[in-house]
Amino acid sequence: MADEVRDDLKYTKEHEWIKIKGDIAVVGITDHAQAELTDIVFVELPEAGKEVKKGEELCVVESVKSVSEIYAPLSGKIVKVNSKLDDSPEIINESPYDDGWLVELEIKDKSEVDSLIDAETYKKTIE
Amino acid sequence: MVKRSPLYDIQKKLGAKFTEFAGFEMPIQYSSIKEEHMAVRRNVGLFDVSHMSNLWITGSDTEKLVSLTTVEDASRIPDGKSQYTAILRDDGTVIDDIIFMHLGDKFMMIPNAGMDETVTKWLKDKAKENNFDVDVENVSSGFVILAIQGPKSRDTLQKLTDTDLNEVKFFGCRDIDIAGVNCIISHTGYTGELGFELQISPVGDAKDVFLKILEAGEEFNIKPVGLGARDTLRLEKGFILAGNEFEGGRTPLEAVMSWVIHWDHDFIGKDALLKQKEKGGYERLTSFECVEKGIPRHGCDVQVDGKKVGTITSGTMSPCLNTGIAMGYVHPDYREKDSIVEIVVRGKLVKAKVLRPPIVPKDWVRNH
(Lines give C-alpha, C1' and ligand atoms only; values in the text may rest on other atoms or scores of the structure.)
Protein backbone atom coordinates (compact mmCIF):
# COMPACT_ATOMS: atom_id res chain seq x y z
CA MET A 1 0.00 0.00 0.00
CA ALA A 2 1.57 3.25 -1.13
CA ASP A 3 1.73 6.07 1.39
CA GLU A 4 -0.58 8.94 0.51
CA VAL A 5 1.05 12.27 -0.34
CA ARG A 6 -1.36 15.14 -1.00
CA ASP A 7 -0.52 17.57 -3.78
CA ASP A 8 -2.00 20.65 -2.06
CA LEU A 9 0.29 20.45 0.98
CA LYS A 10 3.85 21.48 1.76
CA TYR A 11 6.23 19.07 3.50
CA THR A 12 9.49 18.74 5.42
CA LYS A 13 12.04 15.97 5.07
CA GLU A 14 11.17 15.15 8.69
CA HIS A 15 7.77 13.85 7.50
CA GLU A 16 5.60 16.76 8.53
CA TRP A 17 2.92 18.28 6.32
CA ILE A 18 2.00 21.97 6.37
CA LYS A 19 -1.18 23.48 5.01
CA ILE A 20 -0.86 27.23 4.40
CA LYS A 21 -4.11 29.18 4.92
CA GLY A 22 -3.16 32.84 4.64
CA ASP A 23 -1.18 33.68 7.80
CA ILE A 24 -1.95 30.34 9.38
CA ALA A 25 -0.05 27.07 8.96
CA VAL A 26 -1.71 23.81 9.99
CA VAL A 27 0.89 21.17 10.89
CA GLY A 28 0.64 17.38 11.05
CA ILE A 29 2.66 14.26 10.31
CA THR A 30 2.45 12.48 6.97
CA ASP A 31 0.75 9.21 6.14
CA HIS A 32 4.21 7.71 5.69
CA ALA A 33 5.25 8.84 9.18
CA GLN A 34 2.15 7.45 10.88
CA ALA A 35 2.56 4.14 9.04
CA GLU A 36 6.18 3.90 10.15
CA LEU A 37 5.28 4.67 13.76
CA THR A 38 2.03 2.60 13.86
CA ASP A 39 -0.07 2.51 17.01
CA ILE A 40 0.37 6.10 18.17
CA VAL A 41 -0.51 5.98 21.86
CA PHE A 42 0.40 9.38 23.25
CA VAL A 43 0.80 12.93 22.02
CA GLU A 44 2.32 15.67 24.15
CA LEU A 45 0.96 18.93 22.74
CA PRO A 46 2.26 22.42 23.46
CA GLU A 47 0.16 25.15 25.09
CA ALA A 48 -1.72 27.45 22.75
CA GLY A 49 -0.14 30.92 22.80
CA LYS A 50 3.43 29.60 22.94
CA GLU A 51 5.93 31.09 20.47
CA VAL A 52 8.20 28.61 18.69
CA LYS A 53 11.17 29.07 16.43
CA LYS A 54 11.64 26.99 13.31
CA GLY A 55 13.48 23.78 14.30
CA GLU A 56 12.45 23.89 17.97
CA GLU A 57 10.56 21.01 19.53
CA LEU A 58 6.87 21.45 18.81
CA CYS A 59 5.40 18.30 20.31
CA VAL A 60 6.14 14.66 21.04
CA VAL A 61 4.43 11.69 19.42
CA GLU A 62 4.85 8.30 21.07
CA SER A 63 4.11 4.89 19.62
CA VAL A 64 4.19 1.76 21.79
CA LYS A 65 7.92 1.39 21.21
CA SER A 66 9.25 4.81 20.29
CA VAL A 67 9.30 8.48 21.23
CA SER A 68 9.47 10.94 18.30
CA GLU A 69 10.01 14.67 18.63
CA ILE A 70 8.20 16.80 16.08
CA TYR A 71 10.03 20.04 15.28
CA ALA A 72 8.40 23.32 14.27
CA PRO A 73 8.56 23.56 10.45
CA LEU A 74 8.09 27.36 10.69
CA SER A 75 8.50 30.05 13.35
CA GLY A 76 5.35 31.48 14.86
CA LYS A 77 2.79 31.56 17.60
CA ILE A 78 0.76 28.44 18.33
CA VAL A 79 -2.85 29.58 18.01
CA LYS A 80 -4.63 26.23 18.24
CA VAL A 81 -3.80 22.67 19.31
CA ASN A 82 -5.78 19.56 18.41
CA SER A 83 -6.88 18.66 21.92
CA LYS A 84 -8.86 15.65 20.63
CA LEU A 85 -5.48 13.91 20.43
CA ASP A 86 -5.18 13.97 24.25
CA ASP A 87 -7.81 11.27 24.56
CA SER A 88 -7.59 9.71 21.10
CA PRO A 89 -4.02 9.85 19.76
CA GLU A 90 -4.90 7.05 17.33
CA ILE A 91 -6.72 9.65 15.21
CA ILE A 92 -3.29 10.42 13.72
CA ASN A 93 -3.10 6.84 12.42
CA GLU A 94 -6.64 6.93 11.09
CA SER A 95 -6.64 10.38 9.51
CA PRO A 96 -3.16 11.91 9.35
CA TYR A 97 -4.08 14.72 6.93
CA ASP A 98 -7.50 15.69 8.27
CA ASP A 99 -8.66 14.91 11.83
CA GLY A 100 -5.13 14.08 12.97
CA TRP A 101 -3.61 17.57 12.60
CA LEU A 102 -1.38 18.65 15.49
CA VAL A 103 -1.27 22.46 15.78
CA GLU A 104 -2.05 25.69 13.98
CA LEU A 105 0.73 28.28 13.82
CA GLU A 106 0.47 31.98 13.07
CA ILE A 107 3.31 32.37 10.60
CA LYS A 108 5.89 34.91 11.78
CA ASP A 109 8.18 35.00 8.78
CA LYS A 110 6.60 34.23 5.40
CA SER A 111 10.00 33.76 3.77
CA GLU A 112 10.45 30.55 5.78
CA VAL A 113 7.63 28.98 3.75
CA ASP A 114 10.06 28.81 0.81
CA SER A 115 12.20 26.32 2.75
CA LEU A 116 9.36 23.77 2.73
CA ILE A 117 9.31 21.13 0.01
CA ASP A 118 6.49 20.32 -2.38
CA ALA A 119 4.63 17.02 -2.77
CA GLU A 120 6.79 15.78 -5.67
CA THR A 121 10.02 16.36 -3.77
CA TYR A 122 8.61 14.76 -0.62
CA LYS A 123 7.48 11.69 -2.59
CA LYS A 124 11.06 11.19 -3.71
CA THR A 125 12.36 11.25 -0.13
CA ILE A 126 10.13 8.36 0.91
CA GLU A 127 10.57 6.19 -2.19
CA MET B 1 28.00 -8.70 11.43
CA VAL B 2 24.28 -8.70 12.09
CA LYS B 3 22.79 -12.20 12.16
CA ARG B 4 19.44 -13.16 10.72
CA SER B 5 17.02 -15.91 11.62
CA PRO B 6 16.72 -18.73 9.05
CA LEU B 7 13.07 -17.58 8.83
CA TYR B 8 13.96 -14.03 7.71
CA ASP B 9 12.72 -14.48 4.13
CA ILE B 10 9.29 -15.82 5.12
CA GLN B 11 8.93 -13.07 7.71
CA LYS B 12 9.74 -10.45 5.12
CA LYS B 13 7.06 -11.92 2.85
CA LEU B 14 4.60 -11.76 5.74
CA GLY B 15 5.21 -8.01 5.95
CA ALA B 16 7.50 -7.89 8.97
CA LYS B 17 9.39 -4.73 9.89
CA PHE B 18 12.78 -5.58 11.33
CA THR B 19 14.90 -4.22 14.15
CA GLU B 20 18.34 -5.02 15.44
CA PHE B 21 18.36 -6.65 18.85
CA ALA B 22 21.50 -8.06 20.50
CA GLY B 23 23.22 -8.54 17.15
CA PHE B 24 20.19 -10.06 15.39
CA GLU B 25 17.90 -8.53 12.80
CA MET B 26 14.49 -9.76 14.01
CA PRO B 27 10.87 -8.82 13.26
CA ILE B 28 9.73 -5.99 15.55
CA GLN B 29 6.18 -6.14 14.22
CA TYR B 30 4.14 -7.50 11.33
CA SER B 31 0.89 -5.52 11.46
CA SER B 32 0.74 -3.56 14.70
CA ILE B 33 2.17 -4.13 18.16
CA LYS B 34 -1.26 -3.59 19.74
CA GLU B 35 -2.98 -6.09 17.42
CA GLU B 36 -0.26 -8.68 17.89
CA HIS B 37 -0.36 -8.14 21.66
CA MET B 38 -4.12 -8.67 21.85
CA ALA B 39 -3.92 -11.73 19.54
CA VAL B 40 -1.69 -13.39 22.17
CA ARG B 41 -3.89 -12.33 25.10
CA ARG B 42 -7.14 -13.42 23.43
CA ASN B 43 -6.20 -16.12 20.88
CA VAL B 44 -2.74 -17.24 19.82
CA GLY B 45 0.46 -15.75 18.41
CA LEU B 46 3.60 -17.23 16.87
CA PHE B 47 7.04 -15.79 17.69
CA ASP B 48 10.43 -16.56 16.20
CA VAL B 49 12.88 -16.21 19.08
CA SER B 50 15.89 -17.76 17.37
CA HIS B 51 18.01 -14.89 18.66
CA MET B 52 17.99 -16.70 22.01
CA SER B 53 20.94 -19.04 22.58
CA ASN B 54 21.21 -22.83 22.83
CA LEU B 55 23.89 -24.74 24.72
CA TRP B 56 24.18 -28.49 25.19
CA ILE B 57 25.69 -29.56 28.51
CA THR B 58 26.75 -33.22 28.66
CA GLY B 59 28.91 -35.51 30.79
CA SER B 60 28.63 -37.22 34.18
CA ASP B 61 29.05 -33.95 36.14
CA THR B 62 26.38 -31.97 34.26
CA GLU B 63 24.14 -31.61 37.33
CA LYS B 64 27.09 -30.53 39.47
CA LEU B 65 28.12 -27.82 36.99
CA VAL B 66 24.58 -26.44 36.64
CA SER B 67 24.11 -26.42 40.43
CA LEU B 68 27.39 -24.61 41.02
CA THR B 69 26.81 -21.97 38.34
CA THR B 70 23.11 -21.22 38.92
CA VAL B 71 20.94 -20.41 41.93
CA GLU B 72 19.09 -23.69 41.29
CA ASP B 73 19.90 -27.07 42.81
CA ALA B 74 19.81 -29.02 39.53
CA SER B 75 19.49 -32.38 41.31
CA ARG B 76 15.95 -31.26 42.23
CA ILE B 77 14.90 -31.02 38.56
CA PRO B 78 13.88 -34.44 37.18
CA ASP B 79 14.24 -35.65 33.62
CA GLY B 80 11.57 -34.00 31.47
CA LYS B 81 11.41 -30.77 33.48
CA SER B 82 12.75 -27.30 32.74
CA GLN B 83 13.64 -24.55 35.19
CA TYR B 84 14.04 -20.76 35.12
CA THR B 85 17.14 -19.64 37.01
CA ALA B 86 20.10 -17.23 36.96
CA ILE B 87 23.87 -17.42 36.55
CA LEU B 88 25.77 -15.13 38.95
CA ARG B 89 29.21 -13.62 39.18
CA ASP B 90 31.15 -14.01 42.43
CA ASP B 91 29.80 -10.64 43.58
CA GLY B 92 26.23 -11.92 43.27
CA THR B 93 25.27 -9.87 40.21
CA VAL B 94 23.47 -11.63 37.37
CA ILE B 95 25.41 -12.63 34.25
CA ASP B 96 22.23 -13.92 32.63
CA ASP B 97 18.84 -15.38 33.45
CA ILE B 98 18.27 -18.66 31.67
CA ILE B 99 16.04 -21.69 31.29
CA PHE B 100 17.58 -25.11 31.38
CA MET B 101 15.90 -28.33 30.33
CA HIS B 102 16.70 -31.75 31.75
CA LEU B 103 16.49 -34.05 28.71
CA GLY B 104 17.65 -37.59 29.54
CA ASP B 105 21.38 -37.64 30.14
CA LYS B 106 21.94 -34.07 28.92
CA PHE B 107 20.83 -30.54 29.67
CA MET B 108 19.94 -27.85 27.20
CA MET B 109 20.49 -24.31 28.43
CA ILE B 110 18.81 -21.26 26.82
CA PRO B 111 20.77 -18.08 27.59
CA ASN B 112 19.56 -14.74 26.26
CA ALA B 113 20.28 -13.32 22.81
CA GLY B 114 23.95 -12.53 22.32
CA MET B 115 24.93 -14.20 25.62
CA ASP B 116 25.95 -17.57 24.13
CA GLU B 117 29.69 -16.99 24.05
CA THR B 118 29.87 -15.35 27.49
CA VAL B 119 27.87 -18.12 29.17
CA THR B 120 29.67 -20.92 27.30
CA LYS B 121 33.05 -19.58 28.38
CA TRP B 122 31.91 -19.05 31.98
CA LEU B 123 30.58 -22.63 32.24
CA LYS B 124 33.65 -24.13 30.58
CA ASP B 125 35.99 -22.20 32.89
CA LYS B 126 34.08 -23.32 35.99
CA ALA B 127 34.04 -26.92 34.77
CA LYS B 128 37.80 -26.80 34.30
CA GLU B 129 38.50 -25.16 37.68
CA ASN B 130 36.53 -27.92 39.41
CA ASN B 131 37.76 -30.83 37.26
CA PHE B 132 34.19 -31.69 36.28
CA ASP B 133 33.60 -34.33 33.64
CA VAL B 134 31.39 -32.14 31.48
CA ASP B 135 31.27 -30.64 28.01
CA VAL B 136 29.55 -27.39 27.07
CA GLU B 137 28.73 -26.92 23.39
CA ASN B 138 27.40 -23.67 21.92
CA VAL B 139 24.84 -24.81 19.32
CA SER B 140 22.93 -21.50 19.02
CA SER B 141 23.23 -21.22 15.25
CA GLY B 142 21.98 -24.78 14.89
CA PHE B 143 18.53 -24.11 16.34
CA VAL B 144 15.42 -22.17 15.43
CA ILE B 145 13.27 -21.38 18.47
CA LEU B 146 9.55 -20.79 18.04
CA ALA B 147 7.16 -19.67 20.78
CA ILE B 148 3.43 -20.36 20.41
CA GLN B 149 1.61 -18.35 23.05
CA GLY B 150 -1.98 -17.60 23.95
CA PRO B 151 -5.14 -19.38 25.16
CA LYS B 152 -5.46 -21.18 21.80
CA SER B 153 -1.80 -22.25 21.58
CA ARG B 154 -2.47 -25.81 22.72
CA ASP B 155 -5.40 -26.28 20.32
CA THR B 156 -3.26 -24.95 17.47
CA LEU B 157 -0.28 -27.23 18.12
CA GLN B 158 -2.46 -30.24 18.90
CA LYS B 159 -3.58 -30.27 15.25
CA LEU B 160 0.02 -30.91 14.21
CA THR B 161 0.98 -33.78 16.56
CA ASP B 162 -0.22 -37.20 17.76
CA THR B 163 1.23 -36.56 21.24
CA ASP B 164 -1.45 -35.49 23.74
CA LEU B 165 -0.25 -32.00 24.69
CA ASN B 166 -2.11 -32.19 28.00
CA GLU B 167 0.68 -34.57 29.00
CA VAL B 168 3.25 -31.78 28.55
CA LYS B 169 2.83 -30.16 31.97
CA PHE B 170 3.78 -26.62 32.98
CA PHE B 171 7.57 -26.37 32.63
CA GLY B 172 7.64 -29.91 31.23
CA CYS B 173 9.91 -30.64 28.25
CA ARG B 174 10.38 -33.58 25.88
CA ASP B 175 11.01 -34.69 22.30
CA ILE B 176 8.00 -34.41 20.03
CA ASP B 177 7.01 -34.51 16.36
CA ILE B 178 5.31 -31.29 15.22
CA ALA B 179 4.17 -31.23 11.59
CA GLY B 180 6.37 -34.27 10.97
CA VAL B 181 9.48 -32.56 12.33
CA ASN B 182 11.28 -33.74 15.44
CA CYS B 183 11.60 -30.88 17.98
CA ILE B 184 12.07 -30.31 21.69
CA ILE B 185 8.89 -28.88 23.19
CA SER B 186 8.60 -27.12 26.54
CA HIS B 187 5.50 -25.73 28.22
CA THR B 188 7.13 -22.36 28.84
CA GLY B 189 6.90 -18.77 27.62
CA TYR B 190 7.39 -15.09 28.27
CA THR B 191 3.86 -13.75 27.89
CA GLY B 192 2.00 -14.97 30.99
CA GLU B 193 -0.40 -16.93 28.78
CA LEU B 194 -0.73 -20.65 28.08
CA GLY B 195 2.13 -21.41 25.74
CA PHE B 196 4.84 -23.63 24.35
CA GLU B 197 8.33 -23.21 22.97
CA LEU B 198 9.89 -25.39 20.27
CA GLN B 199 13.59 -25.96 19.67
CA ILE B 200 14.05 -27.05 16.07
CA SER B 201 17.21 -28.53 14.54
CA PRO B 202 18.35 -28.67 11.79
CA VAL B 203 17.19 -25.12 11.07
CA GLY B 204 16.15 -26.07 7.51
CA ASP B 205 13.12 -27.89 8.98
CA ALA B 206 11.84 -24.78 10.75
CA LYS B 207 10.30 -22.95 7.77
CA ASP B 208 7.81 -25.72 7.24
CA VAL B 209 6.91 -25.86 10.95
CA PHE B 210 6.49 -22.06 11.10
CA LEU B 211 4.13 -22.01 8.10
CA LYS B 212 2.16 -25.08 9.25
CA ILE B 213 1.59 -23.54 12.68
CA LEU B 214 0.25 -20.36 11.04
CA GLU B 215 -2.04 -22.51 8.88
CA ALA B 216 -3.23 -24.62 11.83
CA GLY B 217 -3.93 -21.48 13.84
CA GLU B 218 -5.92 -19.76 11.12
CA GLU B 219 -9.25 -20.86 12.61
CA PHE B 220 -8.19 -19.19 15.91
CA ASN B 221 -7.04 -15.99 14.16
CA ILE B 222 -3.37 -16.65 14.87
CA LYS B 223 -0.92 -13.81 14.16
CA PRO B 224 2.83 -13.84 13.70
CA VAL B 225 4.19 -11.63 16.49
CA GLY B 226 7.33 -9.51 16.63
CA LEU B 227 9.64 -8.37 19.40
CA GLY B 228 7.56 -5.21 19.98
CA ALA B 229 4.60 -7.15 21.37
CA ARG B 230 6.94 -9.62 23.06
CA ASP B 231 8.17 -6.67 25.13
CA THR B 232 4.72 -5.27 26.00
CA LEU B 233 3.43 -8.76 26.86
CA ARG B 234 6.28 -9.51 29.25
CA LEU B 235 6.16 -6.07 30.85
CA GLU B 236 2.44 -6.39 31.65
CA LYS B 237 3.35 -9.55 33.58
CA GLY B 238 6.38 -8.02 35.32
CA PHE B 239 8.86 -10.38 33.63
CA ILE B 240 12.48 -9.30 33.48
CA LEU B 241 14.31 -8.41 30.24
CA ALA B 242 17.97 -9.16 30.96
CA GLY B 243 19.41 -6.31 28.89
CA ASN B 244 17.22 -3.76 30.73
CA GLU B 245 16.75 -5.06 34.26
CA PHE B 246 20.26 -6.45 34.85
CA GLU B 247 22.04 -3.51 33.19
CA GLY B 248 24.90 -2.20 35.29
CA GLY B 249 24.97 -5.29 37.55
CA ARG B 250 21.99 -6.32 39.69
CA THR B 251 21.64 -9.24 42.09
CA PRO B 252 18.63 -11.59 42.09
CA LEU B 253 17.65 -10.10 45.48
CA GLU B 254 17.46 -6.64 43.91
CA ALA B 255 15.57 -8.10 40.93
CA VAL B 256 13.10 -9.69 43.42
CA MET B 257 13.88 -13.19 42.16
CA SER B 258 14.26 -14.72 45.63
CA TRP B 259 11.66 -17.31 44.66
CA VAL B 260 14.12 -18.97 42.27
CA ILE B 261 17.04 -19.04 44.71
CA HIS B 262 17.72 -22.44 46.31
CA TRP B 263 19.74 -21.59 49.40
CA ASP B 264 20.31 -25.24 50.38
CA HIS B 265 23.16 -25.73 47.94
CA ASP B 266 26.47 -24.05 47.21
CA PHE B 267 26.57 -21.81 44.18
CA ILE B 268 28.74 -19.03 42.81
CA GLY B 269 27.61 -15.70 44.24
CA LYS B 270 25.88 -17.20 47.31
CA ASP B 271 28.17 -15.54 49.88
CA ALA B 272 27.66 -12.15 48.30
CA LEU B 273 23.87 -12.62 48.33
CA LEU B 274 23.86 -13.68 51.99
CA LYS B 275 25.83 -10.56 52.88
CA GLN B 276 23.50 -8.33 50.89
CA LYS B 277 20.48 -9.94 52.54
CA GLU B 278 21.90 -9.37 56.00
CA LYS B 279 22.85 -5.78 55.28
CA GLY B 280 19.48 -4.93 53.64
CA GLY B 281 18.67 -1.48 52.32
CA TYR B 282 19.22 -2.40 48.67
CA GLU B 283 17.03 -1.15 45.82
CA ARG B 284 14.36 -3.54 44.60
CA LEU B 285 12.68 -3.99 41.24
CA THR B 286 9.21 -2.47 41.46
CA SER B 287 6.23 -2.32 39.10
CA PHE B 288 4.18 0.80 38.37
CA GLU B 289 0.98 1.79 36.65
CA CYS B 290 0.61 5.47 35.78
CA VAL B 291 -2.47 7.20 37.16
CA GLU B 292 -1.85 10.23 34.93
CA LYS B 293 -1.18 10.50 31.20
CA GLY B 294 2.36 9.76 30.14
CA ILE B 295 4.59 6.85 29.27
CA PRO B 296 7.67 6.18 31.42
CA ARG B 297 10.70 4.96 29.49
CA HIS B 298 14.08 3.38 30.29
CA GLY B 299 16.19 5.81 32.32
CA CYS B 300 13.41 8.01 33.78
CA ASP B 301 13.87 9.03 37.42
CA VAL B 302 11.41 7.98 40.11
CA GLN B 303 10.72 10.67 42.72
CA VAL B 304 8.87 11.08 46.00
CA ASP B 305 8.42 14.62 47.35
CA GLY B 306 10.95 15.92 44.83
CA LYS B 307 13.64 13.46 45.95
CA LYS B 308 15.02 10.79 43.60
CA VAL B 309 14.22 7.32 44.98
CA GLY B 310 14.78 5.14 41.92
CA THR B 311 15.20 4.66 38.16
CA ILE B 312 12.94 3.13 35.52
CA THR B 313 14.48 0.21 33.59
CA SER B 314 11.51 -0.63 31.29
CA GLY B 315 8.36 1.28 30.41
CA THR B 316 5.68 1.25 27.77
CA MET B 317 2.03 1.89 27.03
CA SER B 318 0.08 -1.18 28.18
CA PRO B 319 -2.09 -2.35 25.26
CA CYS B 320 -4.50 -4.01 27.72
CA LEU B 321 -4.83 -1.19 30.26
CA ASN B 322 -4.22 1.72 27.90
CA THR B 323 -2.06 3.40 30.54
CA GLY B 324 1.67 3.84 30.98
CA ILE B 325 3.27 0.95 32.86
CA ALA B 326 6.84 0.50 34.00
CA MET B 327 9.32 -1.21 36.23
CA GLY B 328 12.44 0.04 37.85
CA TYR B 329 14.71 -0.12 40.86
CA VAL B 330 13.47 1.77 43.90
CA HIS B 331 14.77 2.37 47.42
CA PRO B 332 13.08 -0.15 49.77
CA ASP B 333 11.30 2.59 51.78
CA TYR B 334 9.35 3.83 48.75
CA ARG B 335 7.78 0.72 47.25
CA GLU B 336 4.81 0.01 49.48
CA LYS B 337 1.93 -1.44 47.47
CA ASP B 338 -0.56 1.21 46.27
CA SER B 339 1.69 4.10 47.29
CA ILE B 340 2.12 6.91 44.77
CA VAL B 341 5.42 8.01 43.25
CA GLU B 342 6.24 10.49 40.52
CA ILE B 343 8.06 9.45 37.38
CA VAL B 344 9.94 12.18 35.53
CA VAL B 345 9.01 11.97 31.83
CA ARG B 346 10.75 14.66 29.73
CA GLY B 347 10.85 16.99 32.71
CA LYS B 348 7.19 16.49 33.62
CA LEU B 349 6.05 14.59 36.69
CA VAL B 350 3.69 11.69 36.00
CA LYS B 351 2.01 10.14 39.05
CA ALA B 352 2.20 6.34 39.21
CA LYS B 353 0.96 3.69 41.61
CA VAL B 354 3.24 0.98 43.03
CA LEU B 355 1.97 -2.50 42.18
CA ARG B 356 3.00 -6.06 42.81
CA PRO B 357 3.34 -7.96 39.52
CA PRO B 358 1.63 -9.05 37.38
CA ILE B 359 0.55 -5.56 36.34
CA VAL B 360 -2.17 -7.14 34.18
CA PRO B 361 -3.72 -10.06 36.12
CA LYS B 362 -4.36 -13.53 34.71
CA ASP B 363 -8.13 -13.11 34.45
CA TRP B 364 -7.95 -9.71 32.73
CA VAL B 365 -8.99 -11.04 29.30
CA ARG B 366 -12.01 -12.94 30.68
CA ASN B 367 -13.26 -9.73 32.30
CA HIS B 368 -12.71 -7.45 29.30
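Guide: Two residues are in contact if their C-beta atoms, placed from the backbone, lie within 7 Å. The model discussed here is predicted.

Visitor: Which residues does Leu198(B) touch, not counting residues up to four places away in sequence?

Guide: The count leaves out residues up to four places away in sequence. With those set aside, Leu198(B) touches Ile145(B), Leu146(B), Ile178(B), Cys183(B), Ile185(B) and Val209(B).

Visitor: Which residues have the most contacts inside the largest nonpolar core?

Guide: The largest nonpolar core has 122 residues. Domain 1 (3-50 + 143-235) and domain 2 (55-139) of chain B both give residues to this core, so it lies between them. The residues with the most contacts inside the core are Leu146(B), Leu198(B) and Ile343(B).

Visitor: What radius of gyration does chain B have?

Guide: For 368 residues, a compact globule would have a radius of gyration near 21 Å. Chain B agrees with that value, and its C-alpha atoms fill a box of roughly 60 × 55 × 40 Å along the principal axes. The radius of gyration of chain B is 21 Å.

Visitor: How many helices and strands does chain B have?

Guide: Of the 368 residues of chain B, 49% count as buried. The secondary structure of chain B comes to 9 helices and 20 strands.

Visitor: Which elements give two or more residues to the side of chain A that touches chain B?

Guide: The contact takes 9 residues from chain A and 12 residues from chain B. On the chain A side, the residues divide into 5 nonpolar, 1 polar and 3 charged. The elements that give two or more residues to this side are strand E4 (40-44) and strand E6 (57-63) of chain A.

Technical notes. Residues are numbered from 1 along each chain as its sequence is written. Chains are lettered from A and ligands numbered from 1 in the order in which they are written. This is a predicted model: local features need pLDDT of at least 70, side-chain atom pairs count only at pLDDT 80 or more; totals for chains, interfaces and linings use all residues. Helices (H or I, at least four residues) and strands (E, at least two) are DSSP runs, numbered from the N terminus. The radius of gyration is taken over C-alpha atoms; the globule rule is 2.2 Å times the number of residues to the power 0.38. A residue is buried if 20 or more other C-beta atoms lie within 10 Å of its own, exposed if 12 or fewer, and partly exposed in between; C-beta atoms are placed from the backbone. Ala, Val, Leu, Ile, Met, Phe, Trp, Tyr, Cys and Pro count as nonpolar, Asp, Glu, Lys and Arg as charged, and the others, Gly among them, as polar. A nonpolar core is a set of buried Ala, Val, Leu, Ile, Met, Phe, Trp, Tyr and Cys residues joined through C-beta atoms within 7 Å. Domain bounds come from an automatic or database domain assignment.
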